[in-house]
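Please look at the model first, then read the points below.

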Amino acid sequence: MKIHKTYILLMVIISTVFFTTMFLKGKTYPITGDGKEYILMTQGFINHGSPDLRSEDLHSVIADFKKVQPNFSDPYLDCKKEANCFDNPMVNYVYFTSVKNTLYSWHFPAYSLVNVPMHYLFSKLDYWPTLSFVATNALFFAIALFFVIFILKESFIYKILIIVPMLTGTTYAYLLWNHPESFTFSLSIISLVLLKNNSYKTSAIIMALAALQNQPLGIVAGLFFLYGLVTNIGLSRKELGLFITNKRKVSSTILCGLIIFFIILLPSLFYYYYFNVPNLIVEHKFVDRALVSPHRLYEIFFDLNQGMILFIPFQMLTLIIVFVSHFFYHKNKIHKLPIFLIFLSVIAAIPCLSTINWNPGGQNILRYSYWLSVPIIFSFAEVYSTLKIKKWLLLLLFITVSAALTFLSANNFVFSRDCLEHSPVAKFIMGGYPLFYNPDPEIFIERSLSKENYGSFFNSNKSLAFIHQGFIKKQLLSQRDGKHFGCKSSSVRFPPFVYYNYHSGCKLIDQDISGVITLPLMSVHTGSVINFDSEIFNTSLGWSKPEASYRWSDGNSSHLIFNIDSDQNTSTLKSVTITGTSYGKIIAAIKINDVTIFDGVIAINNEDKQFNVPAGTFRQGVNSITFIWKNPTPPSQGDYRRISFALEKITF
């Protein structure tokens, strides 16, 4: 007995809701970034049928959090309960007063609207509120998988080529994120499946719905519609004549075009109605057309910290090889569709380049790169089906590379842990081949300093340097004030900044230490105190980001690199005292310039612990302290750090 696909889809939806509800029971995921706006708009739809912000929405959301965690507190949500909070709106969590004296977010509420059913259900079940986004993302993802498996009219191998990149750690990370990227990704998959099945109108409508939350996809929706017209009608005079004489076809095509056009324009119409401007983000200058550049376009696909290449490297490199061999050697005949799909990804990327925040965060890769990858994935599948080689060999290689990438990703060898750290891939290239990676300075600076607002850091001749095994390999400094080393180098300019790449490296220190340092190095003398919030600490050197009054170690080792001036008598530096709290009883070793000054157990609670330093250990010039943590521990579920010691200060 053959089961109708509609019933299969219904079973997929019911099963996804059921198993997701079971899986998420008792779990908590943080509410971050724009997610606070999306959850408030969802609550607004539930409370009063609209996405404008009212005090009852805030109280409802906070009450739902407190059902699970009675001591829950969030500065942003708590602020919004106060009447004067909106006198000075917080960046990235901005609401604006409309001409009707109501408060609206600058993010369109489509994602919040589709989240209403799961949020309502989870509220009744007393679940952690942000889990509703996970369930909504999972539901749309399951529907996208259904379309690939049951609706796509292609071979089994073709479907495998689409499904494998869908089932990755990056996809899982975006499923857990309370932002619309997973929702957009899933709708894009469905749209491409329909395009492949020659359902051009429906495909364009689905892509237009995806564009409600990520407007650049409106271009793709429009091009899908035009592609369908050209494919179905043709461009010859005879074909156009036959189409025009068919009034039914003409009217249905015009109606479909109007529907697509309306959906694409809906966000602009919404904001024009409430604010007399089509886009609040543009109006408040959070985009700048002057930032659009070939380099940014390259980075959205190939940046080693957040580009698409980290997500689907095999597909992208294969496409490059095939296209190069075609154009230069006339091998591997390429059809129009894969070229069209790549063009779509590129053309939709261009509006994204104007954002003023080019290191905005995401899950493993740049949020735009995630949903822009869908046409590339389908393009690869198209090219694979036309190759005149041993396809089983390429398929085996594809599956092997995908499995290896999944393993490496799971063990933190590919992606950065967040947008304020360099990825292992970027660090590998900067350490070995620094000339090959010169990202937009915003990416390098924020990931080096582990903070978004670096302000006046580059004043007073300061610079950032990446060191590898004790050698300086890359340095970023101000063109006006910065000073670079005299080693053999090549420069790459991004006014007002300039990179210096040292081919063989500039020897800085004897110890095998790699990471980011600030230059000039901090000078230390007898009586010096290094506080936890000093720029000498860096996440790439085994330190977590600073908290209220301390900074945790992170990983198996932590390093400090500093300078002792030539006029300092090193014989007076007889001890080092650390102040802080150990995470239980920790086993550690402490080395100064490769001399072990301690090896044992540390168990202190907001106390001082002094370590004597043998004579001759410190030296004039560059010095290092290395902490080797022998039993680092994850502090809680979902926290990627492995901590040992909360450092408040070091005293010499």
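In this predicted model, R54 and D52 join their side chains in a salt bridge, with 2.8 Å from N to O. The structure holds 14 salt bridges, including this one.

**R54 and D52**
- R54 is partly exposed, at 36% relative accessible area.
- D52 is buried, because its relative accessibility is 3% and the cut-off for buried is under 20%.

- A salt bridge links K67 to D126, and their closest N and O atoms are 3.5 Å apart.
- K67 belongs to helix α3 (residues 55-68), while D126 sits in the loop between α6 (116-124) and α7 (131-151), so this pair ties together parts that are 59 residues apart in sequence.
- K67 is partly exposed, with a relative accessible area of 45%.
- D126 is partly exposed too, with a value of 44%.
- A network of salt bridges links D64, K67 and D126.

**K630 and D599**
- The side chains of K630 and D599 form a salt bridge, at 2.9 Å from N to O.
- K630 is in the loop between β17 (621-629) and β18 (645-651), and D599 is in strand β15 (residues 595-602), so the pair connects parts that are 31 residues apart in sequence.
- K630 has a relative accessibility of 44% and counts as partly exposed.
- D599 counts as exposed, because its relative accessibility is 52% and exposed means over 50%.

Definitions and conventions
Residues are numbered from 1 along each chain as its sequence is written. This is a predicted model: local features need pLDDT of at least 70, side-chain atom pairs count only at pLDDT 80 or more; totals for chains, interfaces and linings use all residues. Side-chain values use heavy atoms; hydrogens and water are left out. A salt bridge is a side-chain nitrogen of Lys or Arg within 4 Å of a carboxyl oxygen of Asp or Glu. Buried means under 20% relative accessible area, exposed over 50%, partly exposed in between (1.4 Å probe, protein chains only). Helices (H or I, at least four residues) and strands (E, at least two) are DSSP runs, numbered from the N terminus.
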